[in-house]
Amino acid sequence: MPSEVKPRWRGTITLLAIAAVGALAYMFMPSCSMLADADDTLCHAIAAAKDGVVDWPAYDEGYWRGPKTCHEFDHCTLNPWFTSEDARAYIERFGIAQGHNWADLGRADTLSVDKVTEEVNSPLGRTYNAYANIVFANLEGIELDRGRSLNDFEYYDTYLKWSSAYTSQKTYRVNGNCVRNCRTVESTKCVIAKTTTGPFRNDYIDLYQTFFYGIDSIWRASTIVHEVRHARHGVSHDGGSGCQNRSACDLRWSSRGANTFEVMWLAAYYWTPENHPFITPARRARAAVLFGQRKKATFNEDVLWNLGDFYAINDTPEFYVEQASCSEDPDNPIYCLILAD
Amino acid sequence: MTFPRPAHTPIFSAVLFCALVQTGCTVEDEPSSTAGGYVFSRDFDGERGVLRIEPSHERAAECMKTSLPASANASWKEAYLAPETHRALVELLFDETRLPSYQADLNASKASGTRVCTPRSGAPDFCYVPEFVVTGDVPTVQVEVVVPDAPSRFVPSPLRFGLQPEVELSDEGQELIDAFLVAHQACWKVDD
């Protein structure tokens with residue numbers, strides 16, 4: 001009897017050892033590319049904290065040569081989550097609560113504010129500001145139920161409401177990442193965020209330093225919509241490097257890819273009432289600029305849609321979700337709308 | 001009745017597990033766009049030429065050339081531009097006295113520009129707008145947004161220059177395009 005039991009134990013131990021090695025390998029899988037960019041200012045700032053106080057990096061100078069009014073978008077008094085714990089909890093449920101690294105990126109410091117500019121300056125605070133654009137673009141704010149069927153256009157009766165629910169339901173966990181992820185140290189051309197998928201693994205969205213400190217909060221919000229399109233719906237870019245953007249190109253609008261969703265969200269954000277309590281004229285103007293830039297830069301083929309064509313996007317969201325997003329498909333002219341030239 | 005347990009089961013399990021781990025590592029990364037730099041793009045005569053330059057003193061540039069419709073595997077070249085070439089382009093871009101001319105060029109392209117369509121064998125016609133566009137965080141011009149049954153409004157727009165024969169460009173607009181062409185050509189000639 002003992003001679004029969006011993007080999008079985010040995011087999012079990014071998015399997016357990018293999019499982020342990022496998023689990024260890026799995027833990028390190030998100031960083032399959034072991035190369036970290038040298039220009040990781042945020043990582044350095046966190047590592048060099050004195051008495052627990054981090055000197056958060058300033059905005060990327062290269063970017064802020066442009067629209068300086070965008071600074072106000074991160075102002076602490078202009079983002080309702082800053083004074084509402086409920087709002088912070090609501091935003092966390094977009095995938096941040098399940099995300100990794102936020103503690104290391106100063107979760108305890110979320111409410112820290114730059115003394116001079118009064119801008120929220122921690123990575124998580126800047127991320128909340130991004131989601132604030134998705135949440136508070138709806139007049140319902142955190143009262144919006146994001147859990148209903150995405151076909152429920154009676155409830156999601158504006159594109160912004162539908163988009164908020166889509167962003168919540170189709171996300172992966174959202175990680176903070178202190179790496180700057182620029183292609184070269186000298187270049188300011190940096191990846192903003194990345195969605196990673198693969199078999200037999202937990203998938204995730206990584207937000208990089210450029211997301212926190214290189215772009216304004218409206219671009220951050222549209223980036224989140226963009227990334228979520230890659231997530232549970234698994235829609236990949238199909239345009240290779242054929243567009244201005246060099247990477248993250250979609251072949252055309254009718255690819256219904258991340259760029260189509262991003263640009264449509266910007267249009268919906270723009271087409272909100274003039275007296276909107278959250279969307280100030282500066283925010284609206286910034287959305288218009290980003291609409292023009294992203295539309296031009298991220299598709300290989302010209303997009304016929306203009307900002308004016310979206311004036312009813314918050315009145316008939318189902319049309320834009322189902323028809324407008326697949327329009328201009330030369331290979332499938334029957335089922336999808338073709339815009340007149 | 002019992003069957004003898006195969007002696008190689010642990011080894012087989014180990015091989016299988018390692019294979020799964022390797023598969024797990026085969027991930028698909030979907031980046032969002034990149035931020036930074038000024039991008040000049042010219043769609044003309046069935047060809048796309050793009051130049052991305054870095055701001056301020058950095059002279060790093062990337063350029064791309066491809067036929068239209070742009071293929072998914074268009075190749076890019078990286079180079080450092082000569083200081084004077086880089087400076088000329090940036091100065092033309094940020095000279096505020098030139099903005100009214102750039103605005104007039106946008107209005108002209110909106111008013112009279114037409115699309116060019118080229119038939120392709122066995123495929124739907126491909127149409128594109130011959131134009132020169134500058135994106136990135138550069139000075140913007142205003143474009144009119146027309147809405148049915150409502151007063152039209154003006155919103156910020158990237159710089160846009162129509163390249164159709166019927167569009168008359170300002171001297172300032174033409175200078176910017178010429179500076180782009182010089183820089184784009186230089187990008188292809190310069191060694192990395």
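I call a residue buried if 20 or more other C-beta atoms lie within 10 Å of its own. I kept in mind that this is a predicted model.

**Chain B, overview**

With that cut-off I looked up chain B, and buried residues make up 35% of its 192 residues. I then listed its elements and found four helices and twelve strands. I also checked contacts in chain B between residues at least 6 apart in sequence: 57% of them join residues at least 24 apart.

**The sheet in chain B**

Next I asked myself in what order the strands of the open sheet run. Six strands of chain B make it up, in the order β6-β5-β4-β3-β9-β12, with antiparallel pairing. I noted β6 (76–80) and β12 (159–162) of chain B as the edge strands, since each pairs on one side only. From one strand to the next, the twist averages 15°.

I picked one pair to follow: β4 (residues 47–53) and β5 (residues 60–67) of chain B are joined antiparallel over seven bridges. Here I found B:Arg52 opposite B:Glu62 in β5(B).

Which helix packs on this sheet? I found α4 (residues 171–189) of chain B, touching β3 (38–44), β4, β5, β6, β9 (131–136) and β12 of chain B. The direction of α4 makes about 85° with that of β4(B).

**The nonpolar core**

Last, I turned to the largest nonpolar core, which has 112 residues. A:Ala267 and A:Ala268 have the most contacts inside it. Helix α9 (residues 258–270) of chain A gives the largest share of this core, ten residues. Leaving out residues up to four places away in sequence, I saw that A:Ala267 touches A:Phe291, A:Leu307, A:Phe310 and A:Ile313.

Technical notes:
Residues numbered from 1 in each chain as written. Chains lettered and ligands numbered in written order. Predicted model: local features only at pLDDT ≥ 70, side-chain atom pairs only at ≥ 80, totals over all residues. Pairing = 2+ DSSP bridges. Helix = DSSP H or I, 4+ residues; strand = E, 2+ residues; numbered from the N terminus. Axes fitted to C-alpha atoms, helices over the stretch in contact; angles between N-to-C directions. Contact = placed C-beta atoms within 7 Å. Buried ≥ 20, exposed ≤ 12 C-beta atoms within 10 Å, placed from the backbone. Core = buried A, V, L, I, M, F, W, Y, C linked by C-beta atoms within 7 Å.
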